[in-house]
Amino acid sequence: MDDSLAERIQYLLDRKGVTPYIASKKSGVSEATFSRLLSQKNAKPNSYTLNRLSEYFNISEQWILTGKTKVKKTWKPILPVSRNKYQL
């Protein structure tokens, strides 16, 4: 998704089915901040706001800022649980 911050926030609001008012009450981000982020072309959230939005919408801070998320490739070795059973 290569769109603006405002479009990404609006997408998250729509996806969750809430208004900025409801999201502000539940996330701890003020209505004024939502309004600024949704209306100002070059608005950027501060670290507190970014963290609260990330937690509330359950999405990475990087996605909120850029629309892109780095995927971390992690490797977990398979460890034996018993002689015949294995668990990730």
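Predicted model: local features only at pLDDT ≥ 70, side-chain atom pairs only at ≥ 80, totals over all residues.
Local features are reported at pLDDT of at least 70 and side-chain atom pairs only at pLDDT 80 or more, while totals for chains, interfaces and linings use all residues. Residues are numbered from 1 along each chain as its sequence is written, and side-chain values use heavy atoms, with hydrogens and water left out.

The protein contains five helices and two strands, taken as DSSP runs numbered from the N terminus (helices H or I, at least four residues; strands E, at least two). Along the sequence, these elements follow the order α-α-α-α-α-β-β. Of the 88 residues, 30% are buried, where buried means under 20% relative accessible area, exposed over 50% and partly exposed in between (1.4 Å probe, protein chains only). Among contacts with a separation of 6 or more, 45% join residues 24 or more positions apart, a contact being heavy atoms within 4.5 Å.

Helix α3 spans residues 31–39, and its axis lies 7 Å from that of α1 at an angle of about 125°. This angle makes α1 oblique to α3, since angles under 35 degrees count as roughly parallel, over 145 as roughly antiparallel, 65 to 115 as roughly perpendicular and the rest as oblique. The axes are lines fitted to C-alpha atoms over the stretch in contact, with angles running from 0 to 180 degrees between N-to-C directions. From α1, L5, A6, I9, Q10 and L13 meet F34, L37 and L38 of α3. By class, this contact comprises seven nonpolar residues, one polar and no charged (Ala, Val, Leu, Ile, Met, Phe, Trp, Tyr, Cys and Pro are nonpolar; Asp, Glu, Lys and Arg charged; the others, Gly among them, polar).

Within α3, the buried residues are T33, F34 and L37. They span an arc of only 100° around the axis and therefore sit on the same side of α3, the arc being that of the directions from the helix axis to the C-beta atoms. These buried residues pack against α1, α2 (20–27) and α4 (47–57). On the other side of α3, A32 and S39 are exposed.

Two further residues deserve a glance. R8, in helix α1 (residues 5–16), is buried because its relative accessibility is 3%. A polar atom of the R8 side chain lies 3.3 Å from the backbone oxygen of W63. N58, in the loop between α4 and α5 (61–66), is exposed at 69% relative accessible area. The phi of N58 is near 55°, a positive value in a residue other than glycine.

Notes. Polar contact = N/O pair within 3.5 Å; in protein donor to acceptor, adjacent residues only side chain to side chain.
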